Amino acid sequence: MAVFPRRRLAAVALAATTALLVTAGCGSGDEQGGDGPVTLTVDVFGQFGYEQLYQEYMAAHPDVKIVERGTGTNLDEYSPKLTQWLAAGRGAGDVVAIEEGLLVEYKANPGNFVNLLDHGAADLKGNFLEWKWNAGLTADGKQLIGLGTDVGGIAMCYRKDLFEKAGLPTERDEVSKLWPTWQDYIATGEKFVAAKTGASFLDAATNTFNTILLQNAGNTSGYSYYDTSEKLVVDSNPAVRQAWDTTMDIIDSGLSGKYGSWSEEWVSAFKQSKFATIACPAWMTGVIEQNAGPAATGKWDIARVPGNGGNWGGSHLAVPKQSKHQAEAIELAKFLTSAKGQIGAFKAKGPLPSSPQALDDPAITGATNAYFSGAPVGSIFGSGAKSLKPVYMGPKNQAVRTEVENAVRTVELGQRNPAQGWTDAVNNAKKAAAK
């Protein structure tokens, strides 16, 4: 799903991480005795939407029991634990989710994973968008470490009730017309702020920064913090600086609620109607529904994102070599990433399929979301999915991204001015990349 984008839900992170630590010794590294069903542990983060799929799979495979760990865990806590388990040779699940921004890092040690090409996966290539399939391959193309789950086409989710209170249009097509560009989005935000609704226009500058960055990168060079030769280009890639400057304009205009993304404060802000818009990859719809709760049903809607499309998030499922049940785990991973599996996950939590067959299925093309005022989510997110432009993620992408977004946050909180923040972003990114 992504991460991540990061798909971090800090409100439940502590409890989820504790559960991961407690159950780490119960993962695939433990032998299973008796004649009972094989237990497969699936490690995820955020919201993958697999619960019903597990039930279907177990009903068709009575010799398999599936246990999921990590739902709701934030990516910054999930990834270090997975890295630790892989390095230790025990503790990881039989199937593990790897977010797109971390995939290059894990591919650097392909020996940690089963080569899915040795187990019939080559026949599945046509079930995935070409770039999504290629992302799971090692550089030499000889090993496939993961099968694709979702992609993260971007829209803009907004609160209709708050827009109405501010005297702005509320119908999604009219809202989309408000902001063909990010400067138009800022101008709309300034009108919203002037209306004094008691809410901010957007949740956090970091989410918007990442959206603009990935949009810029996808529409220009095809990379963000690292170029395709894995050279750090945080201070020389125009896509990064343009995203920074636009985000500084957003902050300077007083549009952000300054709710640290994925924090408890951020989760509470959803429930308390404290902001009106949020950059919204397909998988974010499930996050919003969970955080805002049933009381906000029908108050949210989805409009076009400013600028020209973009892709944020997406994951792969891999099978660690330490699994004691590799054959069974491979079959489960194939099922979860099949067109049927991706459609099921979309229906449950909103992650947009990376399967062309799923994207063409009426279950996707005709999908609406009652929580989001009946928005035609299938067409909103799916119509351009086949033409999404991937953004290359380098070997320390996650660490670098964290430092840059931390710098954005310091400006947002008034601790640095934009020039100081940019200097921090570049210097700290270089330090993170050098570790």
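Tutor: Two strands are said to pair if DSSP finds at least two bridges between them. Strands themselves (E, at least two residues) and helices (H or I, at least four) are DSSP runs, numbered from the N terminus. The model is a predicted one, in which local features need pLDDT of at least 70, side-chain atom pairs count only at pLDDT 80 or more, and totals for chains, interfaces and linings use all residues. Residues are numbered from 1 along each chain as its sequence is written, and side-chain values use heavy atoms, with hydrogens and water left out.

Student: What makes β6 and β9 a pair, and in which sense do they run?

Tutor: Between β6 and strand β9 (residues 300-303) there are four bridges, in the antiparallel sense. The criterion is at least two bridges, so four bridges qualify β6 and β9 as paired. One of the contacts sets Met 156 against its bridge partner Ala 303 in β9.

Student: How many bridges join β6 to β8, and in which sense do they run?

Tutor: Strand β8 (residues 275-281) is joined to β6 by five bridges, and the two run antiparallel. Opposite Tyr 158 stands Thr 277 of β8.

Student: Why is β6 called mostly covered?

Tutor: A residue is buried when its relative accessible area is under 20%, exposed when over 50%, and partly exposed in between (1.4 Å probe, protein chains only). In β6 (residues 154-159), six of the six residues are buried. Both faces are covered: Ile 154, Met 156 and Tyr 158 lie on one side, and Ala 155, Cys 157 and Arg 159 on the other.

Student: What share of the chain is buried?

Tutor: Buried residues account for 57% of the 435 residues.

Student: How many helices and strands does the chain contain, and why is it called as compact as a globular protein of its length?

Tutor: The chain contains 19 helices and eleven strands. Its radius of gyration is 21 Å, close to the 22 Å of the globule rule for 435 residues, so the chain is as compact as a globular protein of that length. That radius is taken over C-alpha atoms, and the rule is 2.2 Å times the number of residues to the power 0.38. Along the principal axes, the C-alpha trace spans about 65 × 45 × 40 Å.

Student: Which strands form the open sheet, and what makes β2 and β4 its edges?

Tutor: Five strands form the open sheet in the order β2-β1-β3-β10-β4, with mixed pairing. Each of β2 and β4 (147-148) has a single partner strand, so one side of each is left without a neighbour in the sheet.

Student: How do β1 and β2 run, and what is the hand of the crossover between them?

Tutor: Strands β1 (residues 38-43) and β2 (residues 64-69) run parallel and are joined by six bridges. The path from β1 to β2 passes through helix α2 (residues 51-60), and this β-α-β crossover is right-handed. The term applies if, with the strands pointing away from the viewer, the path from the first strand over the helix to the second runs clockwise. Among the facing residues, Thr 39 has Lys 65 of β2 as its bridge partner, and Asp 43 stands opposite Arg 69.

Student: How do you know whether Lys 196 and Glu 230 are exposed or partly exposed?

Tutor: Lys 196, in the loop between α8 (182-194) and β7 (200-202), has 73% relative accessibility and therefore counts as exposed. Glu 230 lies in the loop between α9 (205-219) and α10 (238-252); at 39% it counts as partly exposed. Neither is a glycine, yet phi is positive in each: near 50 degrees for Lys 196 and about 70 degrees for Glu 230.

Student: How are His 61, Tyr 259 and Leu 137 classed?

Tutor: His 61, in the loop between α2 and β2, has 29% relative accessibility and counts as partly exposed. Tyr 259, in the loop between α10 and α11 (264-271), counts as buried at 14%. Leu 137, in the loop between α5 (130-135) and β4, counts as buried at 15%.
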